[in-house]
Amino acid sequence: MNIPRRTELLAAGAATVTVVLWASAFVSIRSAGSAYSPGALALGRLLSGALALGAICLVRREGWPPRAAWRGIVVSGLLWFGFYMVVLNWGEQQVDAGTAALVVNVGPLLIALLGSRLLGDAMPPRLLAGMAVSFAGAVTVGLSMSGEGGSSVLGVVLCLLAAVAYAGGVVAQKPTLGSASALQVTTFGCLVGAVVCLPFAGQLVREAGEAPMSATLNMVYLGVFPTALAFTTWAYALARTTASRMGATTYAVPALVVLMSWLALGEVPGVLTLAGGGLCLAGVAVSRSRARARAAAPENLREPRPERASRSA
């Protein structure tokens, strides 16, 4: 996939916004989850996101996605916006943050495998090496942050299901971005997810009346920033690179979660946690790098030939 340098930089910037906001979501989910049940929190988040995205669509006069895009939008909406958010919220109530981050980070590996199989994504050695380094970092972070008795079999299974849904949603979304804009794909995927979660409307209304304002604000934050904004910047970047490379980028999330917990919650990470976070970031850097010297060598070899020809003439 030959991508212009400027386009690649814009995609990298959009991916960075996504990763930072998704990292913050782990902290907000745990905070809001103390007052909201998993389904109610997912519905409140999706409704907040849909309202923000709908307003932007009206201002920009985006209109409806083309017919060819609806299949991918519906599948990604069901898997990623709907099912993923419910089981992730539920899983984070059953396991500690370290275990959740570790299990959910199986997702990028599944994206790479599915992307290679279903989308024909290339698997260059740098991508594979970067994913291996980042996964080792995610394991290190997860093990260092996991507290005794903080995990359950149910919680691990739920986080694993979230990783599978995440991977399936990304692979379904990728082809859709060829016929619809990132904003359209995100907006209508969010709406599909909200419709799927409507059975939790009664719980949301009841719990919103009893929840503290901080939990409700966290739920709205999840909808506006990690959902509306971050999923749109994700779709923008995904349309300009492969699903495998985008999946590898999300390995930076555990490292940022550690940093945010340190700054926002005063949880000072240990040496092992910091080392794992460093591995995560190093792996992302490797996976997103490109070998330039080898590609430039043939052109340098070809340059002297015309000069020799002109001299002999």
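## Nonpolar cores

The largest nonpolar core holds 60 residues, and those with the most contacts inside it are Tyr36, Trp80, Tyr84, Val170 and Trp234. A nonpolar core here is a set of buried Ala, Val, Leu, Ile, Met, Phe, Trp, Tyr and Cys residues joined through side-chain atoms within 4.5 Å. Buried means under 20% relative accessible area, exposed over 50%, and partly exposed in between (1.4 Å probe, protein chains only). At least two residues of this core come from each of α1 (5–32), α2 (38–60), α3 (70–94), α4 (97–104), α7 (153–176), α8 (182–196), α10 and α11 (243–249). Helix α10 gives the largest share, 10 residues.

Trp80 shows how such a residue is surrounded. Beyond its neighbours within four places in sequence, Trp80 is in contact with Trp22, Met85, Ala165, Tyr166, Gly169, Val170, Gln173, Phe231 and Trp234. Contact means heavy atoms within 4.5 Å. A second, separate core has 8 residues, including Ala23, Phe26, Val253 and Val257.

## Model and confidence

This is a predicted model: local features need pLDDT of at least 70, side-chain atom pairs count only at pLDDT 80 or more, and totals for chains, interfaces and linings use all residues. Residues are numbered from 1 along each chain as its sequence is written, and side-chain values use heavy atoms, with hydrogens and water left out.

The mean pLDDT of the protein is 81, and 78% of its residues reach 70 or more. pLDDT is the predictor's confidence in each residue, from 0 to 100. Over residues 292–313 the pLDDT is below 50, and this stretch has 2 contacts in the model beyond near neighbours in sequence.

## Overall fold

The protein has 15 helices and 0 strands. Helices (H or I, at least four residues) and strands (E, at least two) are DSSP runs, numbered from the N terminus. Of the 313 residues, 50% are buried. Take the contacts between residues at least 6 apart in sequence: 92% join residues at least 24 apart.

The protein exposes about 14,700 Å², and carbon and sulfur atoms supply 67% of it. Areas come from the Shrake-Rupley method with a 1.4 Å probe; for residues, only the protein chains shown count as cover.

## Helix α10

α10 bends by about 30° at Ala230. The bend is the angle between axes fitted to the seven residues ending there and the seven starting there.

## Arg61

Arg61 lies in the loop between α2 and α3. Its phi is near 55°, a positive value in a residue other than glycine. Arg61 counts as exposed because its relative accessibility is 76%.
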